[in-house]
Every structure is written in C-alpha cells, then in structure tokens.
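Student: Could we go through this model together, one topic at a time?
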Amino acid sequence: MQEITRNALVEKASALLADGTVGRVLAWKRGEFDYDVTPAVFQTAEELARDLVWNDFCGANFSKYLIKETEKSDEKVLVFLKPCDTYSFNQLLTEHRFNREKVYVIGVPCAGMLDVEKVKKSAEGIASITEDSDKIVIETLFDGALTLDRASLLAERCINCKSKKHTAYDELLGEDGEVLDSARFDEVAAIEAMTPDERFAFWQNELSRCIRCNACRNVCPACTCEKCVFDNPASGLENKAASDSFEEKMFHIIRAFHVVGRCTDCGECSRVCPQQIPLHLLNRKFIKDIDNFYGEYQAGAEVGSRAPIVDYTTEDLEPNEAVERGDDNA
Amino acid sequence: MVDMKETLIPVVGVVTDIRIDTPDVKTFRVVTPDGKKAFDHMPGQCAMLSIPGVGEAMFSITSSPTNTEYMEFSIKKCGCVTEWLHSMEVGQQITIRGPYGNAFPVDTAFAGHDMLFIAGGIGLAPLRSVINYCRHYRDRYGKIDIVYGSRSMQDLVDYREIIEEWSKDAGVSVHLTIDREQPEWDGHVGFVPNYVKELGFSTDKIAILCGPPIMIKFTLAGLQEIGFDKTQVYTTLELRMKCGVGKCGRCNVGAKYVCKDGPVFRCDQIDELPDEY
Amino acid sequence: MQRIGVFVCHCGTNIAGTVDVKAVAEALQYEPGVVISKEYQYMCSQAGQDLIKEAIKENNLTGIVVCSCSPRMHEATFRKTAAAAGLNPYMVEIANIREQCSWVHKDIPTGTEKAIILGKAAVAKVNLNAPLTPGESPVTKRALVIGGGIAGIQTALDIADAGFPVDIVETKPTIGGKMAQLDKTFPTLDCAACILTPKMVDVAQNDKVRIFSYSEVTDVSGFVGNFEVTIKRRARYVKEDICTGCGLCTEKCPQKKVPNEFNLGMDNRRAIYIPFAQAVPKVATIDPDYCTMLKSGKCGVCSKVCTVGAIDYQAKDEYLTEKYGAIVVATGFNPISMEKFDEFAYSQSKDVITSLELERLMNAAGPTGGTLLRPSDGEHPHTIVFVQCVGSRCASCAEKGKEYCSKICCMYTAKHAMLIRDKYPDTDVYVFYIDVRTPGKNFDEFYRRAVEEYGVHYIKGMVGKVSPEGNKLKVRASDLIDGKQLHIDADLVVLAAAIEPDKSARPLATMLTASMDTNDFFTEAHPKLRPVESPTAGVFLSGACQGPKDIPETVSQAGAAASKVIGLLCKDKLTGNPCVAHSDEWMCNGCSTCEKVCPYGAITYQDKEFRMPDRTVKVRRVASVNEAVCQGCGACTVACMSGAMNLKGFTNQQIMAEVDAICK
Amino acid sequence: MQVTEYKPLIVAFCCNWCSYAGADLAGNNRLAYPADVKIIRVPCSCRVNPTFILRAFQRGADGVIICGCHPGDCHYTSGNYYTRRRMALLFSMLDYLGIERERTRVEWVSAAEGAKFAATMNDFVSTVAALGENKRLEDLRCKK
Amino acid sequence: MRKISLANLDALFAAIAAEETLYLPQDTEKGAVYAEWCEGATLSNALNTVRSPKDFFFPQTENLMDFKVEGKSIEIIDTRKECEDFVIFGVRACDVRSFEVLDRVFLSEPVDTYYKNRRDHGVIISMACTRPAETCFCQTFGIDAAAPEGDIVCHKTEDTLYLDAKTEKGETLLARLSALTEECDTSAVEAQQALIRERMAKLPLANLSASDFGADKTMEFFNRPEWKELSQSCLGCGTCTFVCPTCQCYDIKDFDTGHGIKRFRCWDSCMYSEFTRMAHGNNRLTQVERFRQRFMHKLVYYPTNNDGLFSCVGCGRCLAKCPINMNIVKVMKTLGGKDNG
C-alpha cells in the first residue's frame, strides 16, 4: 500500500497548475483494468481528478519522458518521481539531456510496485484488484476472489530496492527514506557461481527468446541517443529482427556496455520485456563488477559524477585478471 | 510450389552504358546477361534495382516501352544504393525485378489528347518514358508541350535528347527554364510553377506533373488557376515504394498502396487521400 | 566505389622469399574496387615509386594498397608517392607483409595465404578511405631544454646560435650536470672543468638563453609547435637577480654539517651554499632542510652578512607558464645505487667507492684537494682494485642491476687507473673485467697505454667478494685466463657502477606523453633513422636520457637534437595529423562522455541550431573537436555510444571492414 | 589416420606506437609465431571498440587479442588505462555469458618487446587452439 | 465429430507426430509457447501463447535468396525448398482468424511464395477457449471463441477432447487418426459452447464495438486530434507489432557473410522511427503518424481493402504486453463515438 494517497498527488498537481508554477503534469493515468496504468501528460485539474492514479502499478519511470516533454514549450513540467526514478533523473542531467529549470520534481515515497506478470500468474481472468495494507485482493472472472500477500507480488526490482531516498526533488510528499542495503547482486552472484557451460545455457535460453522489439532500449532512461547504432545503417551494427542467435547476444552485450556506468539499475528493461528476459542481470553484472573493481559507484546518485568507465587509476586491475576476480567474488 | 515464380527474386542485369546527365544524375542502360530487355513495362512503372550487399531501391523506368532492346534509369545520387550505382562502371552486373505499380493511362485516358508534361529536376525521369511513348505513337496524341525546369543548366537531365530530338519533333514544344540567371543560358529563367502560368496553356489538355513536392503543390495550384481541373492532372508518388509488392507496410497513403494502386495517381484521387505524402 | 591499385613488393627476397608475391597480386586483383594489381622488386625504390605514380595516373586510381614492409617504415614514402601523382596521401594503405608476415613465417603457402588476407584487409579499408587534409597550426619559436648538463648546455647553445630563444630548466641550483663533477676526461685527459665551464659561461651570457636553475617542469600541455609548460621555480630564499655570488654567506653560515651532494657526501657544506666555484648561475641557495632560520625562525646570519640584501626567507615556490615550440629532454643519468651489492661491501666500508666518488677524490676542487686519500683514514692507498660492470650487463641480477652495458665504464676505469699510476707510481692497480670494450676514436690505444705504459693489471675475471678486515679490504676474485683464485689485500676498491636514467625522467615522460623503454630510457622515434627525436612530435632527446653515452657522443647528439629543433622552429606553420576525431553533430546527443576521456581536452560543447526534418529549428548541445589539439587516439570514439564520434583514417567502418576481410 | 590440424583464426588489434612496433621488431628479429594471427593496426588500444571484438567473433575469429603500450607508456598518456577498464568489464561480461574467457586477452607489448610479442602470440594461439572452434559467439550465416 | 479421452492425448500427439511435425503450446516458466512436440511434452492449459503462431507462416526472419558476387558479376541463388508438412495444435479462435488476415496480404497477387509454401503445408487444429481472459475481445470482430475456424476444431472438456474436421486437410488428418478416436455426437460440445458464450458475454470488454470503424472511414478518423494524446507516451518500440498475430510489416535486407550475400526478410514495425525512412526522407516523421498508421491500418485501411474484415482479432496480446499499456482498446474507446463512449 502506498503511503501517499492518490488524492494528495491530484491536489498537489492541481495547485501547481492553478498557480502557474507548471504548465503540464507527467503522471500515471488510469486504464481499462486496475493493473493497467499509462504514463500521460495532464493539462487540467479536471483530467487529473478524473484519470490520475497512484497505486501499486505505477512502475513507469518518467525521467526519460522529460527529454521530449521539456522541449515542447517553455512552461515547466511537473513530474512525479519515485526514489529510484530520481537516479535516472540525475543521470540524464549529468548527460545534459534536458534543462533542470524546466522541470518541477515532486518526490513520492514508494512502497514498492507489483509485478503484473506475477499477478497474472497467480490469477486468471482478473476482474479487479484492490489493496488492503499488506494484502492484495484479486477478484477473478471465474474463480471468485483471491487474497494474496502483497510481498509475494512485488517486482524483483522492488524486493531488491536499492534506495528509498530521493536524490532529486523540488518538493517531497511524505517522508524521505534511506539508501538501502539490498541483495540485488545475489542473482548475479548465483549466475557467476555456475559453470561456464551452465552460464552459457542460461543466457542462450534467455536471450534466444528476444524478439528485438526494442522495448528495453526505448524505455531505458540511459538509451537516449539521437540515433541508436542498432538503427543506423552507417554504423555497421544495424539489425532488426535477429537472423542468427549471435545478433541477440551482440545487441544485448553492446546495449549493456553502452549503459555501463550510466545504468542506474532502475529495472525498466526487465519490466517491459514482453519475453520476460531478465535484462537487469546484464546491467547489474556491470554494476557489480564496477563496485568490485573500481570501488562502489551508483550512477545518478549525484549530478555530474564521473563514471568509472570514463575514469582510471594507474593501479587498475588487468583485464585478464578481471575474469578471475569476478570468480573470487562469486 | 517452389516452381512458382517469386516476385521478390530478381534477375541479373548488366549495365551496358552510363551517361552522365548532371553533376548528380546518371542514366544507366540495363539489359539481361544475354543482351535482352529484362521485362516489358508501361510508362510510369518502376523497377527494383539492387546491388547484393548494398540494398534494393525502386526507380522509375525512364526508357520508353517502345524501346525493345534495353531499359534505362536516370538516377540521382541520394543514399547508399544510388551512391553505389553512381560509382559503377560499364559491365557491372546488378539485379533487377519488376515492373511494379500501375502505369500512366497512355492508351486510355491520354489517347487523343493534347499532352502537357511538367517536370522539375530529376522529376523528368519518370516522364521521359511517357514522353517518348507519346512521341513514338505520335498520331495517337495531339499537341505535346513539355515544360521542364531545373536549378541550373547543368542540372537539366537529358539535355542533349531534349535539344536534339524532342524539340525537333513536329508538334512538340519544349519550354525550358532554370532557377537562376547563368551567363551561358539564353533561355527562360524562373521557377516552373510561374513559368507554367506565364505560358498560359489552353485547358483542354492532360497534364502530367513530376518533381519535388513543393513544385507539384504550386504547379497544381497554378494549373487550377489557369482553368485546369484536377481530373486532368496526373502525377506519380513512386518515392514511397519500398518492397514493390504492396506488402511491406510502408507505401500506403491512407488505404491506398502506392506499390499497387499507384504510383500514378490522378490529382483528384490524391485529394481523397489523407494528407500524408 | 573506389578504383584501387594494389602494389606488391618483393623487397628483394625479404618478402618474395616466403611469399609468392605473384599469387598475392593475382588474388587481390578480384577484390572489390581493385582495378589493377602489380608486383615489383622494390616498391620503395625510385622505379617502384614511378610504377605506382604511373599506375595512379593511367588508371585514375582513387586509392592504393601497397603490400610491403611495415607502414612504420614506408607509409610516409608511399603517401608522398601518391601525392606526387595527384592522389590524396591518405588514400594509401599499407599491408605489412614483411615484418608481420614474410619474416615471421617460414613456408611459402602459409606466408602467401596470410599476405593475401592482409592485402584483402587493406583493400577493404581503402574502399572506405576518404581523402584527408591535415590542419595547420602555428609554431611558437622558442625551445625548452630540460636538463642543464653538458647535453642540455650544448643543445641550448646551438639553438641559440641559430637565433631562437631557448630556456634551460635545471633541478639543481647550478647547471653543469655530471660533467662538472669529473676530473679529467678520456681519451685526451684534459680537465673536464676547463672545457665545460667556458660553455657554462657562454650559455649564461647568451641573451637568447634563459636559465631556470633550481626549477622543474610540472606540467606540459599542447602539442608540437604549441607546447604550454608550467615550470616550478623552487624557492632558493636568495634573490637570484641581486646575489653577487660573493660567497660570504656560505662562509658565515653556522650550519656546517650538511652532506655535500656535489662531492657525493664525502664532505660537508653549509645550509646556504654555492655548489662549486664555477656554478652558473653563481648565486647562493638556502637548503630548507638544514637552515635553522627556515626551520625554527632563529638565526638569520646570512641575511645579516649579505651586503646586497639578497636573502629572502619568505620566498615561495613560483610557477610560470611558458609557450614553446619544441622540447628537448636532457635529463641525463645517475650511477645506480650500490646498496644492494653486498658482495662488494659498499655499505660496510668507506673504502669501497664508486668511480664517480673517485672522480671527486682525484679532483683538485674535491674533498681532498685532489690528493688521492682513503676516505676511511686519509691514508694513501697502495693497492687499488677496480671492479668493472657492477650492475651492468647483469641479466641474472635484474632486481638490483641492469641488463644493458653502461658503455662508459671501461674507458673511465682505464683513465682512472692510468691517472693513479701516473701520479702515484707506487700504487698497484688491478682492474677486474668481463670484457674491455673500447670502440671509439683513440679509445683502444688509450686502454693499451694503460696496460702497456702504465702497468695496470688487467685481469679478466669476476670479483667474488670484498670483505673489510682491519684496514684492508680482502678481495677474492677469479682470474679466468689463468684459471685461478686470487686474493688481494686492497686499500681501496672502486666499483664501476652501472648508470641509469635520472629518476625525474619517468614522470617527465608521462607529462610529455613520450615513450620510454623498460629501463626508463627515452625511446627514439627510430633507432637508426631518427635517433634524437622522441616518437612524440616536438619532443627531442639529448644525451644519456636516451641511453648510456660518453661526452663526445653526448655533445654530438646534443648538436643533432638542436638541429632538429632549429628545423622545426624555422617553420611558420606545422601541418597536423589529419587522422583526428570528428563528431557527427546530427548524431551527437551532447552527453559529455567523450569529453571526459579526451587526454588533450580537444573536445568542447556548444549549443547549435539544427533544422529538423519537420522544418522546425531545434537547439542541441553537440560536441566539436579541436583538430589542432586532437592527437587521434580514438578514446572518445569508444566512449561515444551513438557512434557520433569517429576517427578519421581509422573509422569504425574501416576497422570493421578490416575485421570482416580478415575473418572471411 | 590423417588429422588435419585445427587452425584457429586470431585477430590482434595492435596500437601503432608500441605493440605494432613490437610486432615489427619480432619480424626484424625473425621471431616466428603462427600465421593464424592477423594484425589490425589501431592508433591506440583505446580505439578498440567492443563491437570490433564481437564482430570478429561473429565473422569467424576464434580469439581476439588487444595489444597496447604498457600502462603508463601510452603514447596518448591514458588511452590504455581506458582500454584496461573497458576490456576488464567486457571480458568479465563475456565470461558471465559463458563465453570462454581464454578467447579474449589484453597484453601490453612495448616497441622493444619483439620477443614478448612473438611469445604472447605463440601462447595465445596454442591456448585458443586448445579450445577449438568458437561456437558460443559464432554467427552460423558466416560459416562456410 | 470424433472424440478421444484426454488420457490418450499423448497417443494422439504421437500419432500425428509420426508423420508430420507437430507443434503445440507448452508451458515454460515465462508463459506458454508453441514448441515442437516430443515424447513427454504436455499441452499447455494457458489461454494463449506469449507470441502468436504467425511465425509458422511468416517467421521473424527468413532467408529469401543468396547471391554470389565475383568481380562485376552476380549469381542469384534461389534457396526456396518445398516445406515439410506440419500441424499446429491448439490454436485459439483469434489466432486462427489472424491467418485469414495474413492470407489476404500474402496470397493476394503477387503471391508471396515463401508464405504460401508454409501455408500449403500447415494443418491448423484449433481449440475453443473455455476460460477467456479479461483482455479478450475477439467477439468485437465477430470471432466466436466457442466455434473457432481451422482445419480441425477441438473442444476440450474435463476428460475428453472433441475433434471436428472442417476442411479437406482436416478430414485427411482426422481420418488418419481414426483408430485412436471414436465417433460421437455434438451434445457435449454444444454444452461447452453455451458455457463459453455465456462467459464471453460477461467479459469486461464484451461490449467493445468496432462498428464505428471499418472500410472507407479514412477521412473520418485520420485527422482526429485525439491521436496526439493517445500516442504521446508511446515508446516507439515494436512490442505490440511483434506480439500481434496480424502485423506483417517487413523489411528486406542483405547480409554479407564474407563468402556471399544473404537476402533475408525480417519483421519490421510501423512503430519504429526508422520504418519509413528512405533515401528521400521520412513520410511518417513523428510517433503520432506512426501510431496512427498502426491503428488506422487495423481498423480502417485493411477493412477498406479487404471487404470490411478488420485486421485486429482481439487476442489481447498487445493489452498484456505494451510497456506503457496503450492499446487498440483504448484507441477504439477514445475514437469510436457512439458505442464505446
């Protein structure tokens, strides 16, 4: 259950629209079903009152939308950011992707978001979903009502939440949290602990399901290139649907490499993957390695920080040792 | 089943002649390896040329169907396929498939009419096929007027053919214009739409327009000003064609597929399409 | 599509011996873009170059591939050839089928197959080459010489003679370097001071030369013709322009117990000192480590005695930034530490000394006034043992010594032995050696005189152990020729210590981006053909910083370096390397990642207006590269995610084409 | 029984200033190494984009080695330091994906180390040869 | 009508697989997928597969032809091969309809022989849906989940599978399986159909109507201002098009293998910003146009050219998979006035 109510968001946004602080509001919009929430731009208090939602399914990270949204006019854009979203927000500012002055950030505390896939796995034919503190009640079409532990339906990225602390905001609703000690690298470590053959089999199985829909890339707040190398025939890397399993590996390795030191581990890639490929495990591997090799670094923790991939010391470990070092940490 | 002809599989073509028309337009003559024309076509139809490894691109066939020996393509350099084509030498093989799209109604709607061809820049390429078809079957058509303009004298495609053949034909009037004054040019200077209005044609003709979108827009307006009806005006939207067979999903303007329903459209038909071209 | 000519060189039998060059030429003829493929005996010869030129003209070639020796050898040659035939020089690619093929592979099928693949890769690359035009940059007509020893002095003088201003930066309070510490010089036995000090005076008096003594280089930026160097002028607490060098302060200073480094610690100096009588600049320097005034604020004697008021206890290190067109490195050498050579008891006995210490002991201005006396008891030594190659040619003792030959030891030892025998005929002198190396004009004659006229005992063999016993040094050695063990009771043992580059060289090399070998000697641009240039453009090498050398060699190299500098400074403009990074502004998203990895600060950002396809105007932040500053490393190209940053001459597409061709 | 010896295909990226010169020196000194090694000259090891490495594997390479100046000796001062970090991360990722770690390597070879160059290549070729054909990063379309 | 006890299902599958390759939905940790049947494989109970079965006829990538290029000459190699017979089991009513939608594109002149080849050799065994999901809206497009089309139509009850051949292909196959099945009446099936129809009527999207859309309505919808708002959060990814059973946009590309050129066809998406970029420019410049194209195509353009047939089958995959939960239902509800208001 989210600490802040939907009405608090509506009131706040309406007030800021009314006094002219902002011209538009980026927030979550109600959909057909209780779990179906769409990012939307609101321009009037009426729209907000009618359609804004704030519930356990507001996973979408608005940071990347700000690039497009701030270009549209001179008015300020109000955006609601969850703690993890603020990391992406800062990272985008580090990369000069939009003008901070044109954004009004309201930080919203987050109690974790539910994984729609998990919800659907536990119930067929969902008629409605209601929250009741730590329980989720799902009314189904054919099987009556189900009551489930909220914790059991939390998204992986929320179970392993890295921070409840907003790293950027103009105004905060409720209390700010702390950076957490999460177990987010456990899954990576588990894969590292496999034999090379097992690792290969694991990733071959995962990546071969990729349909190259580019949802992971297009949702990724770190993927903001004017033109992606994979869309650019001149890059020599362009490919659309994979004709050979090599291409999926190429795409995902290079994509992960391109966001090294820039990925904030927001987890959107895994959330949107229609094939449920655990893409965050690629990015997290890089984050884990960076922490191990070069000292802890959290992209987006502050604006203007220098990522380890664009830095060095004269005493860095050798690439040939890196793999072994990885093992030791496994 | 696999004995069926597959339209996506091309045939080999050999480039037997390359003519430099303008600084960025070359005309390529293509035959099959055994020296024949790859396939028959009608004026306005297109063919897909390709260089394996570089890609495919659609071009209007600029030679007339009446030419039974070979096909010609006037191609402007823009993009990687055309760049490659421009760097070819005689004897190079390419692949060719087609013909694609509909044709100008040369034997139906056009028959017996006075013809007014209006082209800008590389826009002459698709019209050349029709012009030469009409010249070939001269008695089927009335008076032929050709208004052709380009940025400069050097940018006039097929200049030699225009001067040495077209303008010498009986009943064919050629009106050339260039955008800006040039010392060696003693002809008309000015943009095509204005020139058309200046020339003030009688309105009992079929007009065929081809050129950059902006030219088409203003010339059409100009024609209407001098009394033409949109049903008398034809143009071609070949630039939107990609796969050639109307299946790849790109060429449609509204519900019309340029590959199948076009590329030749009468201007009143275009009016019925949503504004997406 | 390019029109490419392929030219396969036989290089006599160097290539043709292991590579079927005809087969290579034939195989490459069918590669995309290739219109002509030829082979010839020596492509780099005039006839070979003419063949290329003619082919370019006849076939309207737009690019050429030369399959020959390493591009490091003749890329420039063939670029010039292409340029002479009207082809852009950057439309040339070299397939290295000699150093990286024919010379390392044995049989013809293997060599030929690989040569063809390397040729294909070069063809694939040249297909994507674009003509490049180098940018131009102005030349600052001033040179910097780092190091004020004989090498630096000579270089500075020669540059100044040509009319260009030159600055010398010397870390010591005086210039003069190692040569100022020497007594006599081989093979002429003339006095070092007599030939060096006039040069020191010359340089001091030359109005084109500025000397920054007691100073060091702390930062170098820029590039050939346009270096910007920060020089730290260490506080000497004496105003250089006021001090007359009278020396009164150095006599009155109460702090007398400062080891005198000029005499290698064999005597003491004051806390305020002038290193030696002929020092340039002849001004005093206060040693802050020993000066009581500076350490505790109590004393001030020197200030009181100074008649001109030159003392300034408040002085601070000063930094000045100067622009230079060329930089000469002349950081010289030092004997290696003898601490680790326990077998020679250097640390245990004062009477085991190094040759440089011996120089001071024999120098009239030295601690003993030129009389050879044992450091331990001031007695006259009667038996002296010289040990050669201590730490030199020492493959097995790399942890304490050097693998290379220090080159000068044989000669100076002969000099020492001869001088001792001449001055003290009652002395027995033994020299233990591995080999005696005396190539050089009048060198062998000099050595033979030591043996034949002066009766020096040269013994081929190793000294196994030196052990102090009483006032003697027991020397155990082997005589390899007679095959017996020798025991000598020596009064003095002189170690010919290996020499190594000065410790300041390594950080300096980093600042200069100049490369060094594993021994920290500066690498020359070419060991034979460009011996006084560093691979880093605009950086030149003078003296022992490049490798062990004696005075005549040092002086001639100093002159050579000067002439290279003069050649550079004579130019008004330099044409740069056109293989620099370039940002495709349409693809750049202004993220600043490339800027962070650029070692030269060549990338800046600006807001630019772009006309978008929908005819709106958008202001975007995009990167641009300063082509004069970019050195073309390519770090930015990999940092750039979108591929907006590319390196001309080594584009992503070109390298991938090479990869593809190799992996075909 | 006739066994054709398996010949791996090795792509070596060598920086122009140190390793390429080191390879030349190996040639000057006639220090042999297998012809399976094909060298691509790059200005600096930091020019090597991970995509080049994957591309080589896609196209049939069995091993990729990157050679640059020794850390601290980079002609461009810091290029190889970036290489070191980039490749450390990339190699670790490839290993994580179960791709044989021995197929990729970074070696620092100076212009003076002709012998090291030859020895490195000999060692790398035999290591890769022992692994056999690259199956895990291959593109079947590129197989003959 | 024939029937077989569910206990004998494996035998049925084995019998089919003995002669043709048999594909059926199988459960994985990440949802149901069509996979080749092999000993021990079980039929998924899931409503539908994550990816649609369009791959069987229009695979994500396929090689069209090869080229050998040497010097200036080119050799074209026709790599087409006669496809082997195969059977797809358990196709839902919506997906069966999608084949008709695809047929009208690929089998219209000029016939796409790659598609036809596979289509000719595929037998479709469909399966009625007893437990439709909240995202289902096939009935909007006149599809009856209780009575799918297909070569053979199946109904699965608690203990029995009922099979009914609807085409010649189906008859042939069913005849071959006659030893395993037994003739039966239609009462059980009819009972199930009644239940399905009752359930369908109760679905949240049961009342969604397509009547506002259809042939020749281009001008009515093309310039509607709502497109902008609907498309504003679209990521421009291809998820909806790739999970869609009827999306068939493709691209033809060449791949240089180093020893020849492969010309292949792969799925493309009209949602991609690069989709209509050609040498002369891009005629769908912003996501508004691309987004509009997709839905106009499904709801207007396709019906205009295909006798009013919609090219959406209401399978609900895009509703489930769109990263931002924008979908055709929301588009229809926003644009379609009177019935969906």
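Student: Which chains share the most contacts?
Tutor: Of the 8 pairs of chains in contact, chains C and D share the most contacts, where two residues are in contact if their C-beta atoms, placed from the backbone, lie within 7 Å. This is a predicted model, in which local features need pLDDT of at least 70 and side-chain atom pairs count only at pLDDT 80 or more, while totals for chains, interfaces and linings use all residues. Residues are numbered from 1 along each chain as its sequence is written, and chains are lettered from A and ligands numbered from 1 in the order in which they are written.
Student: How many residues of chain D are in contact with chain C?
Tutor: On chain D there are 44, in contact with 45 residues of chain C.
Student: And which element gives the most to that side of chain D?
Tutor: Helix H1(D) does, with 6 residues; helices (H or I, at least four residues) and strands (E, at least two) are DSSP runs, numbered from the N terminus.
Student: Changing topic, how far apart are the nearest C-alpha atoms of chain A and chain B?
Tutor: They are 9 Å apart, and the two chains do not touch. Chain B and chain D are not joined by any contact either, with their closest C-alpha atoms 14 Å apart.
Student: What does the domain assignment of chain B give?
Tutor: It gives domain 1 (11-100) and domain 2 (114-236), with bounds that come from an automatic or database domain assignment. Their centres, taken over C-alpha atoms, are separated by 24 Å, and 15 residues of domain 1 of chain B are in contact with 15 residues of domain 2 of chain B.
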